[in-house]
Amino acid sequence: MENTLKITINGKVYDSSPGKTVLDIARANNVYIPTLCYHPRTGKAGKCRACLVEIEGFRGLKESCALEAKDGMIIKTDTEQIKQVRKMIVELHLSNGEHNCIACEKNGHCELQDMAYHCGIERPGFPEYHETIPLDDSAEGIIRDHNKCIECGRCVTACNNNVMHEVLDFGWRSGHTKVICDNDLPMGESSCVQCGECVQVCPVGALTFKNAKGKGPYWELEKKKTICTYCGVGCSIDMYVKDNKWVYSMGTEENWEKQTNKGMLCVKGRFGMDFLDREDRLTTPLIKKNGKFVEASWDEALNLVSSKLGETKAKYGAGSIGFFTSARTSNEDNYAMMRFARGVIGTNNVDHCARL
Ligand code: SF4
Ligand code: SF4
Ligand code: FES
C-alpha cells in the first residue's frame, strides 16, 4: 500500500508511514535508542552520534534521528559495534566536563546519565580533561554551568528557532568552543528575557532553574498538569510540586504540537508561580474604614459585600455591577467568580487582570 511501509528493527517488523525517521519509528515502538542532540522540538541536529544504528546495505553506522525510514529497511540498534561506539561517546563527554551527578539538579532525569547507565559505565574510562569554567549565576532565574555542557546545541536552536530571542550561539573555537549569550556576556547582562526555553530542552545539568535549586531531587517531585492563569493564550504547564508547593514549571511536552504554547512558556508562566505559596498573601479580609484598610472577620466581610451587591442590583440593575478576577488565584477560583457573576448576580461584566 502507498501510505504504509514496513521496517525491521532487531528482527521485528513494524508498520509505519512515510516521512518518519528511523528514530521516530523505534520510539513509537518502545525500542531504546539514546539521543543527546535531538529533541522533538528542536529537531534533528546530527551532531552527537548517540543515536547511531546499523542498516543492512549501508556502509558504516547511521544517525537514526536524521535518517528517513524507507520500506524494507533492516535495522539493528544493539550490535556490539553500536554498544562500543555509544560507550565511547559517553566516556568522551564524561571526560570533557564535570559530570559529578550526586548533587546535580538533573540527577534522575539527565539524558547523559541515562545513557551512561544503559552503557553500564560505572567509572569513566578516560581522565577528566578540561578547564573549569566559573558558574554563571548572574541571571534572575537560570544558572549556567558550562562544565556540564555537552555542546549538543539544543539550547541554541530553541533560543533562535523556537522562542526566537536570538541570544544564544556557539562562540570561540576548537577546545574553547562554548555556548555564549550575545557576545559572551554573563546571562544576566545579556539580552536574555529569561523565558527558560533553553533550560527546558537541555539534556543535562548545564542549564537549571535557580528557584528549584535544592528543593528536592526529581524523583521527589510530582508532575501536575494545568493551564497557566496569567493570560488568555491558555498555555499548558507541567508544574513540578513537592509537598503541594510549586518548585518549577515546564511547558507541556506531551502532544506539544497540539498545545497552544507548543511546549514553550513566557517568563510569567515559567517563574511567576511562587505567588501560590508566598507568606505575604492576604489571608484575612480587609475593609476600608475612614480611608484605611482594617482587618475584618469573614462573616463581616461577606455580609458587607452581599448587602452592597444586593442594594446596587436593586437600585441600578445587574448590568451596573462588574467583577474583576485575578491571575494570581487558581483557575477554579476564577471559574467560581465567573459563575457567581453570571448565575447569581446575572451580569456578563466579568474581566481579568491579564487584560489590563
Ligand atoms: S532564557 Fe529564553 S531568551 Fe534567554 S537564552 Fe534561554 S531561550 Fe534564550
Ligand atoms: S547548555 Fe545544555 S542544551 Fe545547551 S548545548 Fe549545553 S548541554 Fe546542550
Ligand atoms: S541524537 Fe542523533 S545525532 Fe544526536
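In this predicted model, the largest pocket has a volume of about 1,000 Å³. Its lining is made up of 32 residues, and Arg-27, His-39, Pro-40, Glu-111 and Glu-253 lie nearest the centre of the pocket. Two or more lining residues come from each of the elements α1 (22-28), α3 (111-119), α5 (197-201), β11 (236-242) and β12 (245-251). Sorted by class, the lining of the largest pocket holds 17 nonpolar, 4 polar and 11 charged residues.

The domain assignment divides the protein chain into domain 1 (5-78), domain 2 (221-279) and domain 3 (286-355). The largest pocket lies between domain 1 and domain 2, because both of these domains give residues to its lining. Between the C-alpha centres of domain 1 and domain 3 there is a distance of 58 Å.

The second largest pocket has a volume of about 580 Å³. It is lined by 20 residues, of which Asn-96, His-130, Glu-151, Gly-175 and Thr-177 are the closest to its centre. The elements that supply two or more residues to this lining are α2 (80-95) and β8 (178-181), and α2 provides the largest share, with 3 residues. By class, 8 nonpolar, 9 polar and 3 charged residues line the second largest pocket.

Around ligand 2 there are 13 residues, and those that come nearest are Cys-149, Cys-152, Gly-153, Cys-155 and Cys-202. The shell of ligand 2 consists of 10 nonpolar, 1 polar and 2 charged residues.

Technical notes: Residues are numbered from 1 along each chain as its sequence is written. Chains are lettered from A and ligands numbered from 1 in the order in which they are written. This is a predicted model: local features need pLDDT of at least 70, side-chain atom pairs count only at pLDDT 80 or more; totals for chains, interfaces and linings use all residues. Side-chain values use heavy atoms; hydrogens and water are left out. A residue is near a molecule or strand if one of its heavy atoms lies within 4 Å of it. Ala, Val, Leu, Ile, Met, Phe, Trp, Tyr, Cys and Pro count as nonpolar, Asp, Glu, Lys and Arg as charged, and the others, Gly among them, as polar. Domain bounds come from an automatic or database domain assignment. On a 1 Å grid over the protein atoms alone, a cavity is a set of points where a 1.4 Å probe fits but cannot get out, and a pocket is an open set with protein on both sides within 12 Å along at least five of seven lines; lining residues have an atom within 4 Å of a point. Grid points are joined across faces, edges and corners, and a volume is the space filled by probe spheres set on the points. Helices (H or I, at least four residues) and strands (E, at least two) are DSSP runs, numbered from the N terminus.
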